[in-house]
Amino acid sequence: MENMAIFDSPGKGRGLKATKEFWAGDVIFSEPSLAAVVFDSLAERICHSCFRSQPKLQRCGQCKFAHYCDRTCQRAGWAEHKQECSAIKAFGKAPNESIRLVARLLWRLDKEGSVVSDMQLTTLDELEDHIQDMEEDDLKDFKVDIHNFVDYWPRSSKQHRIEEVSHIFGVVNCNGFTVSDQRGLQAVGVGLFPNLCLVNHDCWPNCTVILNHGNQSAVNTLYHSQQRIELRSLGKIEEGEELTVSYVDYLNLSEERQRLLKTQYFFDCTCEHCRDKIKDDLKLAGREVDGVKPSPEQVKEATDYLFEMLEKIEKARIRADYHEVVKICRDSITKTEPVLADTHIYLLRLWSTLSEVQAYLQYFEDAAEYARKMVDGYVKLYHPNNAALGMAAMRAGVNHWQAGLIEIGHAMVCKAYAILMVSHGPTHPITKDLEAMRMQTEMELRMFKQNEYVYHSMRDAALKNKPMTMLHEPKGVEEGIKNLFHRKK
Ligand SMILES: [Zn+2]
Ligand SMILES: [Zn+2]
Ligand SMILES: [Zn+2]
């Protein structure tokens, strides 16, 4: 690989460094998954070959487990499914997603050897499994999985030592990457990308990783694997600099990020942002009004109250009781908005939820107002090219457009587009959507400036057709981009 090389990163073990200079939006590498599987919970709703979400899927007549869009997808996925198909039949049911993934990995490696392409910089043997670091409860589940794997693995397939199998389970446990649907909005499965496993964490990283299913119509390899990730540069990277991504959402306090990284990835983060607790103060700040700040006690009281309310809101959201969500949000805003700063992370979460739910209930003015507050807060906290910021700006742009606030709507869409050109790249389906939205809002803005009446009547007609609708049920769909690696709940 001419862009990067493996090196010994001080205090971190192996890592990747840039072997030339990069600029914002450059693709440092792109790689297909070694194997990927659909989540157990979505096995009947997501195509097992292309990972698209489809209302009507066809079932594999043999195992009755795998589902596909059509014959083309079934044929394309056959190489990866063939052995799995007869194993599921013999086992009597499909085992869980971790077991299915490990089995798919082993079948592939048994067939092609430990290095499947000349782009692959590491083998699974060389990756860490962190089994020694696992907590007792996790270890128990882990052993159950291995036990079931042994039952599931056919006698006719190559037999592996139990240590070998545990190692792969361990590798998948800490490196399994969340695979999203074609639009990048819903987490639908988990896959393993060997080069990505080499990229170390930093809470303020210089790269971002994005899944781009693309359309590689030229299927000339046996495993056409359409799950493909890109490592993209977020800004200027010097030759020799370590390449990093963030494994956790930056909107957590440094202490919470360190806790997550320790329990899920087994290391102590010593990045600059953790060491100096950068922006922690903003994330829990009180609101200054006319030079007067609330007392630390008042801020703490409001913070604790809001934390409690957010749990209630989440429960109501899961019950799909959206009017209850709105009611609790409104009460919480009255109580805490006067005390907490607009960068307070709980307030941001509150605004995000409220705007999402109000958009779903079609109260677009409200949705727009709170989405804008969310974006304004995010801008002060996130890296300017952070994907979650871009997605938030896109949501705010759509909400403003829906509310007929075309000037801000267009500005937000442009902002989102600029970020996603870096974080997602020009060929990603969401960037293409944004490009179309940008043209639409630009045209409408011109019309608005010429004749407001014509604009409003045209907009009403457009709203009826809902060409830019994002009225999915509010389920916190952006979580997938904030937490890169798949964690069992
Ligand atoms: Zn498909
Ligand atoms: Zn099958
Ligand atoms: Zn850190």
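The following legends accompany close-up views of a predicted model.

View 1. The chain is divided into domain 1 (4-246), domain 2 (250-278), domain 3 (284-378) and domain 4 (382-489). Across the predicted model the average pLDDT is 91, and 92% of the residues score at least 70.

**View 2. Where domain 1 meets domain 2.** The C-alpha centres of domain 1 and domain 2 are 25 Å apart, and contact between the two involves 9 residues of domain 1 and 11 residues of domain 2. On the side of domain 1 that touches domain 2, the residues by class are 3 nonpolar, 4 polar and 2 charged.

**View 3. An open sheet of 3 strands, in the order E3-E11-E10.** The pairing in this sheet is antiparallel, and its edges are formed by strand E3 (27-32) and strand E10 (207-211), each of which pairs on one side only. Neighbouring strands of the sheet are turned against each other by 15° on average, with direction ignored.

**View 4. The pairing of strand E3 with strand E11.** Strand E3 and strand E11 (residues 228-233) run antiparallel and are joined by 5 bridges. Within this pairing, Ser30 has Glu230 in E11 as its bridge partner.

View 5. Where pLDDT is low, predicted coordinates should not be read in detail.

Conventions
Residues numbered from 1 in each chain as written. Chains lettered and ligands numbered in written order. Predicted model: local features only at pLDDT ≥ 70, side-chain atom pairs only at ≥ 80, totals over all residues. Pairing = 2+ DSSP bridges. Helix = DSSP H or I, 4+ residues; strand = E, 2+ residues; numbered from the N terminus. Axes fitted to C-alpha atoms, helices over the stretch in contact; angles between N-to-C directions. pLDDT = per-residue confidence, 0-100. Domains from an automatic or database assignment. Contact = placed C-beta atoms within 7 Å. Nonpolar A, V, L, I, M, F, W, Y, C, P; charged D, E, K, R; others polar.
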